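Thanks for making the time this morning. I would like to walk through a few packing and charge-pairing details, so please bring the structure up on your screens.

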Amino acid sequence: IQSLNNSFMNIINVVGARPNFIKLAPIHRALKSIPNVKSQIVHTGQHYDRAMSDIFFRQLELPEPDIYLGIGGGSHAEQTGKVMMAFEKVVEQEQPDLIIVVGDVNSTVACSLVGAKSCVPVAHVEAGLRSGDRSMPEEINRIVTDSISDLLFVTEQSGIDHLNNEGIRKESIHFVGNVMIDSLIHFREKARQSTLLDDLKVSPGEYILMTMHRPSNVDNVRGLKEMKRIIKALASHKKVIFPMHPRTKGNLEHFGLYESIGHLKGVHITEPQGYLEFLNLMDHAALIVTDSGGIQEESTYLQVPCLTLRENTERPVTIDLGTNQLVDINAGAVADKAEEIFNGSIKKGEIPPRWDGHAAERITAIAIQYLNKHKTGKVDNQVTNRFSEPVS
């Protein structure tokens, strides 16, 4: 990759929430290896738990952000507007050659809009993912970001299919693999050095790992009561380890349910974990129960059974090839699936194509080629073809 660049390039990488940090780390590492490339990190501060942000940056071996916008919380419109206003000033000052956005949070769509309106090329990592559910704010963010991005880096075949159906130019679409898996592979052995399992007094394969944080599940008393019933049903099989998201904990406390869940036999509620600790928990779980997007992918690579408590997923490869199954948010349905798994009916998954730890290298090579072409008018098609699978 180092030999691809023939001129100075200023690239801004945008992060806003913790999943973004995991995806950015391998890209920033790859960019820093190339001479004459200035790779800057702009942290919008959308995820406003600063202590947890610091833990993730440190564990992922990321430097302090070059620019911290400190946006914090607010409604979707308020947060998106604040990010746009602050990031526009960054673009005016830094004059980047490329803006890289990852995932589907409000910072993703806000900074891609600023880039497009400022005539700065935008690269979207994790492009093309669709749940088909426009009641999810993330779905709107994905659609808008993809429609205005110049480079679209795709993790799975469904992403290519969606972008083709939406009329995106094929030459803009690149099937590169999954940068979240890059980080998992890079840090897996380091994560195994964590003492968290000993601290929690659990053995590998002898616990269920649970996470719940989606507003549709935890922002209403009906969803929270069903979650309690699910936890109780799961705890009848194995110990349940539940690193609890602040949003979930706050709502449980608001509706007077937090203490009753904490007192359930076999349930261990913990604070949110750092990246390495949580990776270690995933790696050694007998079962993962979640409503997260990224955990569906990580569990697929780790070959750990995963039940996703949602009606749909934007990551269908985790179901078609991986270990993931969609389950209704219903205690009986979840208990039945868990019992099947513990009785040996385990879905045998496989690792999806190009989830091999080298997605960031492909992204970097294609991005540098793209910028070289725009600066010099020259492009080496052999390089692009070597790093990106043909789009059909």
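Before we start on the pairs, one convention: a residue counts as buried under 20% relative accessible area, as exposed over 50%, and as partly exposed in between. Please also keep in mind that this is a predicted model.

By that convention Asp 356, with a relative accessible area of 35%, is partly exposed, and its side chain meets that of Arg 362 in a salt bridge at 2.5 Å, N to O. Arg 362, in turn, counts as buried, since its relative accessibility is 9%.

How many salt bridges does the structure hold? There are 23, and I will take two further pairs from the set. Arg 130 and Glu 166 meet through their side chains at 2.8 Å, N to O; Arg 130 sits in the loop between β5 and α5 and Glu 166 in the loop between α6 and β7, so this pair ties together parts of the chain that are 36 residues apart in sequence. Here Arg 130 is buried, with a relative accessible area of 7%, whereas Glu 166 is partly exposed at 37%.

Lys 238 counts as buried at 18% relative accessibility, while Glu 206, at 46%, counts as partly exposed.

There is also a network of salt bridges, and among its linked members are Lys 23, Asp 104, Glu 126, Arg 142 and Arg 310.

Now to the helices. In α6, which spans residues 157–165, the buried positions are Ser 158, Gly 159, Ile 160 and Leu 163, and the buried residues of this helix pack against β5, α5, β6 and β7. After α6 comes Gly 167, with a positive phi near 80°.

Finally, how do α3 and α4 sit relative to each other, given that their axes cross at roughly 45°? Those axes come within 8 Å, and the two helices are therefore oblique to each other, with α3 passing α4 in a right-handed crossing. The contact includes Val 83, Met 84 and Phe 87 of α3 together with Val 109, Ala 110 and Leu 113 of α4, and by class it has nine nonpolar, five polar and one charged residues.

Technical notes. Residues numbered from 1 in each chain as written. Predicted model: local features only at pLDDT ≥ 70, side-chain atom pairs only at ≥ 80, totals over all residues. Heavy atoms only, no water. Buried < 20%, exposed > 50% of the residue type's maximum accessible area, 1.4 Å probe, protein only. Helix = DSSP H or I, 4+ residues; strand = E, 2+ residues; numbered from the N terminus. Contact = heavy atoms within 4.5 Å. Axes fitted to C-alpha atoms, helices over the stretch in contact; angles between N-to-C directions. Parallel < 35°, antiparallel > 145°, perpendicular 65-115°, else oblique. Left-handed = near helix turned anticlockwise from the far one by under 90°. Nonpolar A, V, L, I, M, F, W, Y, C, P; charged D, E, K, R; others polar. Salt bridge = Lys/Arg side-chain N within 4 Å of Asp/Glu carboxyl O.
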